[in-house]
Amino acid sequence: MANENSTNETHHLRNITVIWLILSVIVDLLFWFLVGPHVPPGTMTSSAKGNQFDFTFLCLMALPVLIGVWVYMGYAIRIWSAKRPGAEEPMTGPNARTNKTAQVSWIVITSVAVLFLAGFGTVELVISQGSGGGEGPNPIWTPPGATKAEAAALTPKASWSANSNQVLTVQVIAQQWKFTYRYPQFGGFETTQLVLPANTNIAFNVTSLDVIHSFWAYQLDVKADANPQQNDVAFTQTKQLGSFTVRCSELCGIWHGTMFNSGKVVSEAAFMSWAQSTEQANAQNTADLPPFAWTYVPDANGAAGGYYTDGNVTPYSTVEIYGSKQSAP
Amino acid sequence: MTISAEPTTEVVTSAVVPPSSPVKTPWSQRSGWLSQHLGTAIVGAVLGYVFGHWLGNYVASGYTYIANSGQNSIADALALIFMTFGWLLGIGALNYPLAKIVGRSAPEEVIAKGWTKYVRYSTDHKVVGMQYIVGVLLFLFTGGLLAMAIRTELLNPTTHVFSADTYIKIVSEHGTIMMMMATSIIVGPLGNYLVPLMIGARRMAFPRIEAFSFWVFIAGYMVIFSALPYGGFPTGWTGYAPLQTQAGPGMVSYLLGFAVIGLGMMAAGFNIAVTIINYRAPGMTWSRVPIFVWSLLATAALLTLATPVLFAGGLFGLLDKTAQTAFYVTEHGGSSFLWENLFWFFGHPEVYIMALPGFGIVGELIPVFCRKPLFAYKVAAAGMIGVALLSFFVWQHHLFQSGINPDMRPLFMLTTELISIPTGFIFLVGMGTLYRAKIRFEVPMLFCMAVFFNFLIGGITGVFLSDVPVNVTVHGGFFVLSHFHYTIMGGLLFAFMGGLYYWLPKMTGRMMNKKLGLVHFWTMLVFFNLTFFPMFIIGLLGQPRRVFTYAKNLQGLNDFSSVSAFLLGASFLVFLVNFMWSMYINPVMAPANPWDSLGLEWQTATPVPSYNFERIPVIMTDPYHYGEVGAPALADFGDGPPAPLGSSSTTGSDPA
Ligand SMILES: [Cu+2]
């Protein structure tokens with residue numbers, strides 16, 4: 001009896017393992033070759049490329065787990081169904097309640113896998129300078145030269161030149177319901193167009209004038225929350241030319257769904273000429289802007305009413321929050 | 001509301017109130033239509049609302065900011081607070097505590113006969129369980145209709161059914177109502193009904209607190225629903241400040257709604273935890289407690305410990321909106337991060353409040369249908385406690401890109417991935433139980449299998465989300481949306497349905513129709529997956545959550561998801577038809593133990609007598625001896641004289 005049980009056991013486990021192994025190898029190979037190169041968000045930047053690899057890697061680990069459980073369940077449904085003619089009587093005895101080998105190996109395998117994944121994620125996070133995610137006002141994983149560039153950005157003599165391996169500092173200002181961008185290394189002009197040079201380390205300094213938004217440059221694989229009165233810094237390195245989408249990915253009110261625009265990565269020379277001509281064309285407006293800073297404190301009426309001399313083209317709240325009712329522009 | 005005694009002609013008798021007590025029944029205790037019931041509760045709520053609104057305007061209309069804005073959040077808040085009080089007064093929830101406060105003898109709640117007990121303040125845990133079924137279905141179908149509206153809007157990226165304003169408020173209301181539903185959908189109906197039956201007790205530890213938790217849950221429904229006539233709120237269920245501070249009066253409903261629901265959650269959690277710890281029958285050691293009860297104990301711990309944080313967080317927000325404090329207002333010295341942290345400090349344990357009871361049901365049901373003992377019982381129990389503990393240490397994974405201290409991110413990545421170890425135990429337990437079983441694929445078992453199928457996808461995508469680099473792409477998009485629908489709907493809701501098909505024969509004495517049940521199951525499983533699986537891809541392709549416009553190239557996937565969602569909605573109608581048909585229209589009497597379960601809850605009479613067990617059983621072993629020849633009997637139900645009814649700790653209506 002015990003003998004029959006143990007042959008039964010090896011027989012079932014062997015069947016399941018063989019099916020699982022074959023399917024896993026096939027599916028993983030198919031995924032690696034057919035899906036892998038197309039995994040979002042592409043290869044436009046270092047962080048996008050890193051993320052594509054991370055996502056693919058996690059899929060290659062996850063698919064065998066999915067297949068394992070599904071094969072096991074499918075096997076159970078097929079073989080251990082009470083409806084099957086000549087279905088065996090269920091297993092009994094102490095092994096039906098506990099099985100030290102099964103339990104210990106399950107716990108060990110899942111623990112090792114999980115600890116490995118945490119280590120993998122940490123390494124990938126550190127070597128990719130935060131992997132395009134918002135690191136808050138005091139980033140610790142930065143590309144070389146970033147700290148210097150960030151410090152210089154606050155001074156009037158900040159500058160950037162092509163082919164110099166300098167970090168480009170870009171400020172992203174979110175407000176209900178649009179993004180604007182400031183370039184402190186080009187006189188601090190502000191524009192609605194996000195243009196970036198290729199093959200350059202970019203430091204995005206993300207802040208908000210009102211509620212929490214999130215700056216999500218999809219193809220660049222950059223995502224950082226825009227918090228009022230906080231500078232949230234994210235890094236990436238541009239690799240390829242092309243255009244990309246920017247969307248707000250934190251619910252910020254009624255028109256959250258329309259808070260998107262697009263930007264482009266151009267050659268360093270093209271960027272240089274765009275930046276310089278925009279700087280000149282905007283010199284008049286730039287003079288009216290507040291000096292470049294990491295954050296901007298709106299007045300009591302919120303929505304930057306006190307800072308923008310553009311006749312309050314920027315939206316303001318008609319619903320009063322603090323103090324007296326805001327007067328119409 | 002007075003609790004004074006009035007002349008009465010007839011003493012109300014029931015199985016538990018000895019007929020010999022010749023007291024005059026006070027008004028609050030009568031069972032006729034002149035006493036307290038749903039109708040008086042509604043009257044109380046309306047009067048409370050009107051009074052609160054008047055009071056708020058009387059007190060606060062002089063303030064400049066209110067005069068200028070034309071909005072009086074104080075009046076809105078007071079109206080809802082007094083509405084809740086009026087509701088509780090009207091139903092009779094406050095009779096006992098008020099009587100105690102003024103030093104009168106505390107009135108007993110009457111145990112009404114017939115169906116009218118279901119519209120009264122009942123301290124019988126079985127009545128509360130049935131009331132909760134109706135309550136959670138009310139939440140579920142309201143939220144479901146809103147989901148249909150969302151999917152209708154997303155049929156086309158540029159042509160809009162709703163205005164941007166209406167859409168975001170529908171999304172917010174859907175999320176909040178569904179979250180509130182999910183906290184209670186198993187704990188409320190099945191937890192309250194089954195815990196005493198499964199541990200061999202005659203009642204819950206605090207029957208009045210239990211009844212309170214139900215009626216305050218319904219008050220929470222009214223409060224959160226009031227957001228719609230108040231003009232809605234634009235923040236989603238997460239209610240982030242400063243958008244919260246900026247929003248209109250509907251936000252008051254959100255903040256108070258969570259506070260009111262939170263009261264019910266704390267009450268329910270406290271009651272269930274104390275009951276399980278103290279009211280187990282003799283012989284029911286911790287290694288003999290049914291696994292469903294273990295899951296409820298872990299859930300109750302989370303409800304009791306996490307909900308106060310939400311309650312306090314909501315209170316701060318309410319003060320910001322009414323009393324002009326600045327807890328979450330950055331420019332006045334507050335912090336929007338404070339809300340994010342308080343909310344998710346509650347919000348992540350909340351995720352497991354919405355997962356553990358589902359695991360419990362699955363663990364309880366599969367041995368019955370496998371005809372095998374539960375595999376690795378101790379691992380299952382340890383896993384649930386482990387999940388509950390770890391769930392307090394992972395909340396910042398919702399904030400990976402928010403600008404928190406960057407050092408914290410690897411730490412929270414580690415804790416988040418660690419929690420998948422105890423979560424994985426439920427798969428060890430499930431797969432181990434299936435091993436060389438003789439599986440009966442009844443409807444409840446099919447739902448359990450579906451939980452494993454769906455939750456596996458939900459759990460594994462959770463590992464993707466916890467990986468900080470990958471999180472950059474998937475945070476805040478349809479990927480995470482799909483992930484949590486796979487865990488909450490694919491896990492919890494499927495488990496609830498399985499539990500309902502399994503235990504309704506015990507609760508009502510009537511069988512659910514199997515054919516309709518199969519149609520319900522298969523449509524729900526197929527269309528659930530067809531609705532939500534495409535959303536992983538939609539999210540990876542760059543669609544953020546809570547938007548009414550999206551990229552043109554995503555229309556095909558969105559339409560596929562929408563059409564599947566409508567069919568998923570239709571499968572819930574199949575459930576509703578089955579429920580009405582099998583329970584009311586054409587009831588078929590259920591056998592005493594239709595699934596051949598060994599559980600203690602099946603060993604008492606159906607319908608369950610109000611005192612549950614004639615004698616308190618003495619538990620001899622655990623309830624999982626399936627297929628074991630010569631296994632000991634589960635419990636000794638005794639041959640001696642029945643325990644005297646009405647003595648303390650045995651009646652269904654003891655003072656709490
Ligand atoms: Cu936004």
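A:His213 and A:Cys248 are both buried, meaning under 20% relative accessible area, with exposed set at over 50% and partly exposed in between (1.4 Å probe, protein chains only). The structure is a predicted model, so local features need pLDDT of at least 70 and side-chain atom pairs count only at pLDDT 80 or more, while totals for chains, interfaces and linings use all residues. Residues are numbered from 1 along each chain as its sequence is written, chains are lettered from A and ligands numbered from 1 in the order in which they are written, and side-chain values use heavy atoms, with hydrogens and water left out.

Distant parts of the chain are linked here: A:His213 sits in strand S6 (residues 213–217) of chain A and A:Cys248 in strand S9 (residues 242–248), 35 residues apart. Strands (E, at least two residues) and helices (H or I, at least four) are DSSP runs, numbered from the N terminus.

The loop between S6 and strand S7 (222–226) of chain A holds A:Asp221. This residue has a positive phi, near 55°, though it is not glycine, and A:Asp221 is buried, at a relative accessible area of 0%. A:Asn199 also has a positive phi, near 50°, and belongs to the loop between strands S4 (194–197) and S5 (201–208) of chain A.

Two cis peptide bonds turn up as well. One runs from A:Gln176 to A:Trp177, with omega near 0°, and A:Trp177 lies in the loop between strands S1 (168–175) and S2 (178–183) of chain A. The other joins B:Ala241 and B:Pro242, with omega about 0°.

Over in chain B, helix H6 (residues 164–184) has 21 residues, which at 1.5 Å a residue should span 30 Å; the end C-alpha atoms are 31 Å apart, so the two agree. That expected span is 1.5 Å times one less than the number of residues. Of the 21 residues of H6(B), 19 are buried, so the helix is largely enclosed by the rest of the structure.
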